[in-house]
Amino acid sequence: MADHNVAEEPPLAISAHVQYIQRLDKRRDEYEYWLTEHLRLNGLYWGLTALHLLGHPEAIPRADTIDFVLSCQHENGGFGAAPGHDAHMLSTVSAVQILALLDAFDDLEKRGLGKAKVGEYIANLQNKTSGTFAGDEWGEQDTRFLYGAFNALSLLGLLELVDVDKAVDHITQCANFDGGYGVSPGAESHAGQIFTCLAALTIAGKQEYVNTARLGRWLSERQVAGGGLNGRPEKKEDVCYSWWVLSSLQMIGKTNYIDKDKLVGFILRCQDTEKGGISDRPGDVVDVWHTLFGLTGLSLLDYPGLEPVDEVYCLPKSTVYRVLGR
Amino acid sequence: MADQGGSQHGIARTSRVRTEEQKLLEQEKIRKYRELEDQVRSHVSQNHYTPEVFQLTSRLLKLNPEYYTIWNDRRRLLISGLLSKPSVGSSPSRASPSSSQSATTTTPSAASSSSSSTATPPRPASPTAGTSGTTADDEVSTQQQQENDRDVLKSELNFTIPLLLESPKCYWIWSYRLWLLNLAIERLPTAAARRIWEEELGLASKMLSKDQRNFHAWGYRRHVVAQLESAELGGSSMAEAEFEYTDKMIRKDLSNFSAWHSRSKIIPRLLDEWKADDAARRAFLDKELGLIRDALNVGPEDQSLWYYHRYLMLNLVNFVGHPTITPAFTQEDRVTYVVREIEDIRELLEDYDDVQLIYEALFDYTLHLCQLEERQPDPEERVELAGWLKKLMVLDPMRSGRWADLERDTGLVAEVAALE
């Protein structure tokens, strides 16, 4: 890695980032735009949440967004990534998050198939034996889907549709000696999976199962010399872990376990200050996913000018407060 | 929201200025891609589950292996046509499902399937079954069906390999392969299914030799091994072989925590299967401690090694309620081992006096020792603990908040302050 830009970091290029996100849907002359259609709804959630944190919620038209989201819904209640794409847990969670963000659950009731149908789709993906969740009817199982289910169902007020205790049991089986969690029982601890398991336990009100001393230590050990965070031991740092690791530390009240200033510096150095967007590491190609998780990281670090983000739902705190009253 | 697909990793930012010619070429590429996509969609929406459509999905997935809906279309195509449709006379050597099978049956429900079940719909009736009515013919046709299915599944598994090599972190490809492998269990005789799963273990090894930390591949390997061990595939325990595999991976790269982790998960099972007695368990622990000590002597800055060391130490001090290496150890044994580890780690300081992880281990394990002996640190230990903590604060200011918590929780504030 080149050292030339390590010494100084640029300030947050708010307007460049807003424009970068606004332009994302106008890049239809790029092959990449069409290759990523299977992530359209997820991308919309990432971009829209970023815009809300940047204080520019109006930068993408609200009505068009709601229309697009509803156009992705299937008869079974689930959402696909775009019209013509199969329903999947990940895009369904994105749909619910976007509708929560835009205060549009009423539109789902009136013009879509309604909350109950969405809840039913998600609940049907729970494995009745193990308690975990599949991503879709074809059966891939992963703690990412379990978290997604808890996130969306609790926002919809429908968590009672699933067997929460069984799901919690499953998460405790994914715990490792280092305090972390893996994608399934037996799997290595991974910061992304720790976020999903810890956030799911937090939504379920079962944080007492977490070994916070060991987990806090493991999470703090993710910070490397340059200030960035990695996702597993002896791996490279990456902006997205500014979210997975830091939100987890926030959930267990230990963000003081890392050097916040150094992390702020690392994230800021990953910006493309001219064209907007944030990348995984300084100098790399930006994308909306790293842009969101760079911003949510900065928000958790109290960077000035950003709306506070909720560490469990990855939505603005104001949204979570409006929907859940917490 | 936790999906990394489509995000950019490790690609250098360049000022992309496209020439007019490049722009035109890109437009042509987009046009062809969308045309192909439209073709597939239009056929699938009309339930045209034909070999031609199957070929179209192959083309599209080669261009975009992240397109999960197309993988699902492919599953529907297999279920509603290509599997269990023996085409008499087709040569196994050209058993590509898209070229050698005649499948024109359509299943109306497949495209709009909204079931949450992962079960496969009943296989379509074979054109020969039921017409002859004799048991012998039924057996022949069952065998033909199974051979056909085996060929289709193998060809399909082969199709995904180049895609997986190109996109080793693509969730959809991994999950599609598992779906195929499960079909092998459902549809093939045990021995044939087992051969397919055994080959899959080879693939997992190949993927891990290319990227030793790929957690998809490690997870996949665990799953494949569990299936190969299962009664369903007529298997038996592979714990020993898998333990040796972690050995091999660790020797290749001591820093491979994925391998150390896997080792930690296999050990309790392995000892049970060996029916290891107390002496054998003690010898095993000695060997593991020796292995990690040798590794630490050359790489005391390596987190992976310390994590595994912590795992071994937790076996000694945190032994209630879960399996450990040496459950029969007496209190005295445990204390002896912890004391010996502390002494060995002290020796490391002679060569490496500025390595933070060494001080952290000394601090940590001294507290373990006190916990084992159900006592508070004595005055001499308190001075040492404070000294190590002070070192940690100096060597690793990034985690100062953690050191402050430790200082508070251990009541060492005054001792550390005295070192200022």
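Tutor: The model is a predicted one, and the pair consists of helix α8 (residues 190-210) of chain B and helix α9 (residues 215-229) of chain B, whose axes come within 9 Å and cross at roughly 160°. Because angles over 145 degrees count as roughly antiparallel, α8(B) is described as roughly antiparallel to α9(B), and the crossing of the two is left-handed. From α8(B) the contact draws on B:W197, B:E198, B:E200, B:L201, B:A204, B:M207 and B:L208, and these meet residues of α9(B), namely B:A217, B:W218, B:Y220, B:R221, B:V224, B:V225, B:Q227 and B:L228. Sorted by class, the residues of this contact between α8(B) and α9(B) comprise 11 nonpolar, 1 polar and 3 charged.

Turning to the contact between the chains, chain A contributes 60 residues and chain B contributes 55 residues. On the side of chain A that touches chain B, the elements giving two or more residues include α3 (40-53), α5 (89-101) and α14 (288-300) of chain A, and that side divides into 19 nonpolar, 22 polar and 19 charged residues. As for the annotated span, an unreviewed UniProt entry carries the annotation "domain: Prenyltransferase alpha-alpha toroid" for residues 13-315 of chain A; in the model that span is 49% helix and 1% strand, and its end C-alpha atoms lie 21 Å apart.

Terms used
Residues are numbered from 1 along each chain as its sequence is written. Chains are lettered from A and ligands numbered from 1 in the order in which they are written. This is a predicted model: local features need pLDDT of at least 70, side-chain atom pairs count only at pLDDT 80 or more; totals for chains, interfaces and linings use all residues. Axes are lines fitted to C-alpha atoms, for helices over the stretch in contact, and angles run from 0 to 180 degrees between N-to-C directions. Helices (H or I, at least four residues) and strands (E, at least two) are DSSP runs, numbered from the N terminus. Angles under 35 degrees count as roughly parallel, over 145 as roughly antiparallel, 65 to 115 as roughly perpendicular and the rest as oblique. A crossing is left-handed if the near helix is turned anticlockwise from the far one by less than a right angle, and right-handed if clockwise. Two residues are in contact if their C-beta atoms, placed from the backbone, lie within 7 Å. Ala, Val, Leu, Ile, Met, Phe, Trp, Tyr, Cys and Pro count as nonpolar, Asp, Glu, Lys and Arg as charged, and the others, Gly among them, as polar. UniProt positions are given in the numbering used here, feature names are shortened, and annotations may be inferred rather than shown by experiment.
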